[in-house]
Amino acid sequence: MNASLDILPLSSWINTEGKPLVIAGPCSAETEEQMLETATQIKEEGFAHVIRAGIWKPRTRPGSFEGMGEAALPWLQAVKKETGMPVAVEVANPQHIELALKYGVDILWIGARTTVNPFNVQELADALKGIDVPVLVKNPVNPDLQLWIGALERLNQAGVKKLGAIHRGFSNAQETKFRNSPMWNIAIELKTLLPELPVIGDPSHMAGKRAYLYELAQRALDLNYDGLIIESHRDPDKAWSDASQQLTPAALGQMLHDLHVRKESYGSDYQSQLEVVRGKIDHLDRELLETLAARMSLVEKLAEYKRDNNVAAYQVDRFREVLETRAGWGKSLNLYPNLVDELFKLVHMESIRKQTEVMNQVSA
Ligand code: PEP
Ligand code: MN
């Protein structure tokens, strides 16, 4: 696959003094007071370059808070006036773009639920023709790199040159630690295909919970992301949306202070190239282990079911099926057949060991 974009570097449209770009602010604009107080506190902490706020909120189920709409835009004007900082909002249709620009919004972003739909993205691209405004494109909710690149290309073809990507993770079929699985390899692939494209990490929507923000933000920085977008609210527990993932401006300031910004490791010399590749391998290996751990926890569930229904741990047909299907998958991925075979024999052995252990426990 190849891709190319004709874009301007991030530093040409926002000055971060060489540091990663930080966009902070509440998930949603709720009241003028909440916006002004949150933004002023963020400004005082001194770490952020841009204030974010959701005005139109795409909610999974109707009946949740769907944003204040146009009424909130003058509050953002007030925030700009008060703090002198640029503001960013999510837009999902041409009318949103028109209103946001009318009220002087500086940066637009396209949400994950919009990026999935090429019709929708094309409408936005058409509306942006001839308009000089930076646009950040969140990854689509499903792990489809082509769709993400496609959205970036549509905007770029419409003449948007101040362009960036936001990696917010991908929705899960089953419950996992994170609200949205990072799948770092997809973003790494994006950075590899489009090295000039700024990529910003959104640990808030990956995490879903405050407790995981630090590790996710650190990983984004370790991967040389160009910035972070993090939700911050003056009183997170009382937020009207995404309460459990937001931080007070002070807590966010502390977190950003504790993060390590790694040395720029991109460069033309051999050693730094090596470092970049090794870094990517480290992250993939970590994902491999995370996947293995998720698999083992499913095995544990299976074992409890087998125990409670008095079924044997080992079933030869299933083992054969596992080896056969994995061999086929491995082949289509060009993996050496012995590697796949040995790997799944090992994984299966461990799975039997675990199941035997669980089945010998007394049922709860
Ligand atoms: C948001 O940034 O508040 C938001 C709705 O994000 P996403 O599109 O990533 O779900
Ligand atoms: Mn949110």
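Start at R326 and F344. The charged end of R326 sits over the F344 ring, 5.7 Å from its centre. The term requires NZ of Lys or CZ of Arg within 6 Å of the ring centre and within 35 degrees of the ring normal. Next, select K177 and Y212. K177 lies over the face of Y212, at 5.0 Å from the ring centre.

A word on the model. It is predicted, so local features need pLDDT of at least 70 and side-chain atom pairs pLDDT 80 or more, while totals for chains, interfaces and linings use all residues. Residues are numbered from 1 along each chain as its sequence is written, chains are lettered from A and ligands numbered from 1 in the order in which they are written, and side-chain values use heavy atoms, without hydrogens and water.

**Ligand 1**

Select ligand 1 and its shell. Which residues surround ligand 1? They are C27, R52, K57, E90, W109, G111, A112, R113, K138, R168, H205 and E231, where near means a heavy atom within 4 Å. The shell divides into three nonpolar, two polar and seven charged residues. Here Ala, Val, Leu, Ile, Met, Phe, Trp, Tyr, Cys and Pro count as nonpolar, Asp, Glu, Lys and Arg as charged, and the others, Gly among them, as polar.

Now show side chains. A polar side-chain atom of R52 lies 2.8 Å from an oxygen atom of ligand 1. For K57, a side-chain N or O atom is 2.8 Å from a ligand 1 oxygen. R113 also places a polar side-chain atom 2.8 Å from an oxygen atom of ligand 1. Alone, ligand 1 exposes 300 Å², and the protein buries 97% of that. Such areas come from the Shrake-Rupley method with a 1.4 Å probe; for residues, only the protein chains shown count as cover.

**Aromatic pairs**

The structure holds five aromatic pairs. Rings of Phe, Tyr and Trp (its six-membered ring) pair if their centres lie within 6.5 Å; planes under 30 degrees apart are stacked, over 60 edge-to-face, the rest tilted. Go to F65 and W240. Their pair is edge-to-face, 5.1 Å centre to centre, with 90 degrees between the planes. F65 lies in the loop between β2 (50–52) and α2 (73–83), and W240 in the loop between β10 (227–231) and α10 (249–258), so the pair ties together parts 175 residues apart in sequence. Helices (H or I, at least four residues) and strands (E, at least two) are DSSP runs, numbered from the N terminus. W240 is partly exposed, at 42% relative accessible area. The cut-offs are under 20% for buried, over 50% for exposed, and partly exposed in between (1.4 Å probe, protein chains only).

Then pick W148 and F170. This pair is edge-to-face, at 6.5 Å centre to centre and 75 degrees between the planes. W148 belongs to helix α6 (residues 145–157) and F170 to strand β7 (residues 170–171), so the pair ties together parts 22 residues apart in sequence. Both W148 and F170 are buried.

**Buried stops**

Select H167, in strand β6 (residues 163–167). H167 is buried or exposed? Its relative accessible area is 0%, so H167 is buried. A polar contact of 2.8 Å joins the side chains of H167 and Y225. Move to helix α7 (residues 184–193), where seven of 10 residues are buried. Among them are W184, I186 and L190.

**Exposed loops**

Finish with N310, in the loop between α11 (270–308) and α12 (316–332). Phi of N310 is near 60 degrees, a positive value in a residue other than glycine. N310 is exposed, at 73% relative accessible area.

Note on methods:
A polar contact is a pair of N or O atoms within 3.5 Å; within protein, one must be able to donate a hydrogen and the other to accept it, and residues adjacent in sequence count only if both atoms are side-chain atoms.
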